[in-house]
Amino acid sequence: YRNDEAGNGPEQRFWADLGVRIVSTSGADQYVVFKLGKEEYCFDVSAVREIHTMEQITKVHRSAAYIEGVMNLRGKLLTVINLRKRFAMEAGEAGDAQRIIVVDASGGAVGFLVDQVEEVARISKEAIEKAPAHVTKDLESEYVLGIAKYEDRLITIIDPVKVLELTVADKKPIVEGGDSNG
């Protein structure tokens, strides 16, 4: 997969093999649109390295509840984060449509487990609005970049790196304050 224009080349076949529709509109940025339950979200396609079908994931003892586990991706371990759990949503049914969206992060690649990848859409900047203040007032919403109005749908634009930063930030240290005896 490459971040090229939607066409009939290898990248078009890649998305088609995953059952993902590509919608082209000139003068717009590309986003990978995915579902968690009935809600639609998207990542900027430039943040996405690849998308995989569901594979065997190995649980890691005592990891955070939203970490689904790790999987072998071409000989390297890939941490898989369940976005439903990360966003405190109800558990969904595992199905054939589930995908793992792999993004590059500062510590290496990370996978996000989603219910379904719907399409790669071109969304114009004019169709994106800042999320309302009452929606983004708490720290957990720092990963929300905006809301896209697209084909009579509202799609929440997510920054996957910010989701990872929150993942790291919300873990409490085992020992606070170092080696003090207090």
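Buried means under 20% relative accessible area, exposed means over 50%, and partly exposed lies in between, with a 1.4 Å probe and protein chains only. The model is predicted, so local features need pLDDT of at least 70 and side-chain atom pairs count only at pLDDT 80 or more, while totals for chains, interfaces and linings use all residues. Residues are numbered from 1 along each chain as its sequence is written, and side-chain values use heavy atoms, with hydrogens and water left out.

**Exercise 1. Determine whether Lys-59 is buried or exposed, and find the salt bridge that its side chain forms.**

Step 1. Lys-59 has a relative accessibility of 54% and therefore counts as exposed.

Step 2. The side chain of Lys-59 meets that of Glu-68 in a salt bridge, at 3.5 Å from N to O; the term requires a side-chain nitrogen of Lys or Arg within 4 Å of a carboxyl oxygen of Asp or Glu.

Step 3. Glu-68, at 14% relative accessibility, counts as buried.

**Exercise 2. Describe the open sheet of 5 strands.**

Step 1. The strand order is 4-7-8-6-5, and the pairing is mixed. Strands are DSSP runs of E with at least two residues and helices are runs of H or I with at least four, both numbered from the N terminus, and two strands pair if DSSP finds at least two bridges between them.

Step 2. Strand 4 (48-53) and strand 5 (67-73) are the edge strands, each of which pairs on one side only.

Step 3. Within the sheet, strand 6 (residues 76-82) and strand 8 (residues 108-114) run parallel and are joined by 4 bridges. Ile-81 has Phe-112 in strand 8 as its bridge partner.

**Exercise 3. Locate the partners of the salt bridges Arg-84 to Asp-115 and Glu-129 to Lys-149.**

Step 1. In the pair of Arg-84 and Asp-115, the closest N and O atoms are 2.8 Å apart. Arg-84 belongs to helix 2 (residues 83-86) and Asp-115 to the loop between strand 8 and strand 9 (116-123), so this pair ties together parts that are 31 residues apart in sequence.

Step 2. Arg-84 is buried at a relative accessible area of 13%, and Asp-115 is buried at 16%.

Step 3. For Glu-129 and Lys-149, the closest N and O atoms are 2.4 Å apart. This pair links distant parts of the chain, 20 residues apart, with Glu-129 in strand 10 (residues 128-129) and Lys-149 in strand 11 (residues 144-150).

Step 4. Glu-129 is partly exposed, with a relative accessible area of 42%, and Lys-149 is partly exposed, with a value of 42%.

**Exercise 4. State how many aromatic pairs a search of the whole structure finds, and explain why the pair of Phe-87 and Tyr-143 is stacked.**

Step 1. The search finds 5 aromatic pairs. Rings of Phe, Tyr and Trp (its six-membered ring) pair if their centres lie within 6.5 Å; planes under 30 degrees apart count as stacked, over 60 as edge-to-face, and the rest as tilted.

Step 2. One of the pairs is Phe-34 with Tyr-41, which is stacked at 6.0 Å centre to centre and 25 degrees between the planes; both residues are buried.

Step 3. The rings of Phe-87 and Tyr-143 have centres 4.8 Å apart and planes at 10 degrees, so this pair is stacked. Phe-87 lies in the loop between helix 2 and strand 7 (99-105) and Tyr-143 in the loop between strand 10 and strand 11, so the pair ties together parts 56 residues apart in sequence.

Step 4. Phe-87 counts as buried at 14% relative accessibility, and Tyr-143 is buried at 12%.
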